[in-house]
Amino acid sequence: MSQNAAYSFISALALKTAGVPVIQFACQSGLERCLLGSNRDRFEELPPCERCTRQSQAVFRSLDTHWLKPRCQPELEAALSELNVEELATFTWQGAPLGFWALNSLRWMMRRYSLTDNSLNRAFFRAFIQSGWNVYTQFMELIEQERPQAAVIFNGIFTPEAAARHACLEKGVRVITHEVGLRPYSAFFTTGEATAYPLQIPPDFQLTPEMNQKLEEDLSSRFRGDFSMAGIRFWREIKPLDSRLVERMKQFSKVVPVFSNVIFDTSQVHANTIFPHMFAWLDHVYTIARAHPEILFVLRAHPDECRPGKESRESVAQWVEQSGFLNLPNSAFYDANEFINSYELIRLAHLVLVYNSTIGLEAAILGKTVIAGGRARFTQLETSFHPSSLTDYQNLLEDLLRADQIETPVHFSINARRFLYFQLYASSLDFSDYLEEDGVWKGYVRPKNFSLDQLRPEHSITVKTLLGGILSDGTFTLPV
């Protein structure tokens, strides 16, 4: 199963072991189309519902399971029939933002941000919207029938989970969402929006010498590319900066690295605060580079753009070609599959530009001034500059580019270290006692053969924290 499905399953077992009634809400052909079971290029190809249901029946056999089943929705279907993609993206039905949920889902499934108005996209939009309404109505019925204390839901962004979360919020049911954590086999749980990764870091929380040493060891591995997230290792290797680039740098007064993100990533829902989307930010970078021929701008595409099976269909490389960025004499570009040493590039930088990539946090730890074009996880603390408006962003960027030297606020680096430590060791709940690689699909897992006694809070700090957060205070933070 996927890691997030496994975190949900282990959580349900832990609750049941503690004597808490658990209802598993599972799909039994109740979605017109789904994100993982659909062929994004062939709408007419049906998802493998029978096999999917069979697996759910096997996995959840020890749990009380409520099945999402198909329902006819002729009025909704008629309302959607003549709408184009733009209209479908903003479609609401009885107050539910079904189009917005479908938009986030379709962007992720299609591996792109821009969705043209064609028959394929319209068909998937309609299917996702109808599926969202089906989840919403049946989950609402379940809430009214069972009156649950809380609901634990994966990310809350994609159509099925967003619909269930919406029903809970309308009925005053506490919602916990979860996402993969920063460490291997770890998960992040929150009563907020998991994809925004809200952290409640105490103002007086400071790193001890022992914590700093522990973080240094972790950073040393990260700077070598020796880390993974959600079972995926982004860097197969890290190569030194090529000699041609190093020689080119000598021709310019300053070097500014530019780090993009993956355009369909769920974090983009929260990132688009100053700019409407990441490519609009890159358009602005292009304009700035044209205005500053004395500065070398080095654009680095996110390595996750070329992850096998998840390749971006609207890539930064495509933007580079369409925009003419490389026609600028003061530009350089490294694609997602070029494993140059980004950290070496940062160390040579006058200023670092990011949209919302985590490398901005690492750059701040390295003592560099960072400007984030989008809201990032690490902008919750003062770790970098994230202006509140486009005008402020433009003015600040211009001032920093013109400065001979930048005096980076000392507390930026300190806060960056605090944030990363808290993210790694306080907010990432470790499930490695219960899960292992499945040996089939990269990033997928299977449960280990463990005793249910290991799911008791007295035997696991992860379970103790998890049960405490779900059943009482909503805090999912390990003691540090």
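**View 1. Ring cluster of Tyr 7, Phe 189, Phe 431 and Phe 476.** Ring pairs join Tyr 7, Phe 189, Phe 431 and Phe 476 into one cluster. The structure shown here and in the following views is a predicted model. Under the pairing rule applied, which takes ring centres within 6.5 Å, the count of aromatic pairs is 21.

**View 2. The tilted pair Trp 281 and Tyr 355.** The ring centres of Trp 281 and Tyr 355 are 5.4 Å apart. Their planes stand at 45 degrees, so this pair is classed as tilted. Trp 281 belongs to helix α11 (residues 278-291), while Tyr 355 sits in the loop between β9 (352-354) and α14 (359-365). The pair therefore ties together parts that are 74 residues apart in sequence. Trp 281 is buried, with a relative accessible area of 0%. Tyr 355 is buried too, and its relative accessible area is 0%.

**View 3. The tilted pair Trp 319 and Phe 325.** Between the rings of Trp 319 and Phe 325, the distance from centre to centre is 5.7 Å. The planes of these two rings are at 45 degrees, so the pair is tilted. Trp 319 and Phe 325 are both buried.

**View 4. Arginine over aromatic faces.** Arg 33 is placed over the face of Phe 43, 4.0 Å from the ring centre. Arg 111 is placed over the face of Trp 108, at 4.4 Å from the ring centre.

**View 5. The open sheet β8-β7-β6-β9-β10.** Five strands make up an open sheet with parallel pairing, in the order β8-β7-β6-β9-β10. The edges are taken by β8 (331-334) and β10 (370-372). Each of these has a single partner strand, so one side of β8 and one side of β10 have no neighbour in the sheet. On average, and with direction ignored, neighbouring strands of this sheet are turned by 20 degrees against each other.

View 6. How many of the six residues of strand β6 (residues 254-259) are buried? Six of the six are, so the strand is largely enclosed by the rest of the structure. In a regular strand, side chains alternate between the two faces of the sheet. In β6, Lys 254, Val 256 and Val 258 point one way. Val 255, Pro 257 and Phe 259 point the other way, and the residues of both groups are all buried.

**View 7. Bridges from β6 to β7 and β9.** β6 and strand β7 (residues 295-300) run parallel and are joined by six bridges. Within β7, Phe 297 is the bridge partner of Val 256. β6 also runs parallel to β9, and two bridges join these strands. Val 354 in β9 is the bridge partner of Phe 259. Val 258 stands opposite Leu 353, also in β9.

**View 8. Packing of helices α5 and α6.** Helix α5 (residues 98-110) packs with helix α6 (residues 119-146) at an angle of about 125 degrees. The axes of α5 and α6 are 9 Å apart.

How values were computed:
Residues are numbered from 1 along each chain as its sequence is written. This is a predicted model: local features need pLDDT of at least 70, side-chain atom pairs count only at pLDDT 80 or more; totals for chains, interfaces and linings use all residues. Side-chain values use heavy atoms; hydrogens and water are left out. Rings of Phe, Tyr and Trp (its six-membered ring) pair if their centres lie within 6.5 Å; planes under 30 degrees apart count as stacked, over 60 as edge-to-face and the rest as tilted. Helices (H or I, at least four residues) and strands (E, at least two) are DSSP runs, numbered from the N terminus. Buried means under 20% relative accessible area, exposed over 50%, partly exposed in between (1.4 Å probe, protein chains only). A charge sits over a ring if NZ of Lys or CZ of Arg is within 6 Å of the ring centre and within 35 degrees of the ring normal. Two strands pair if DSSP finds at least two bridges between them. Axes are lines fitted to C-alpha atoms, for helices over the stretch in contact, and angles run from 0 to 180 degrees between N-to-C directions.
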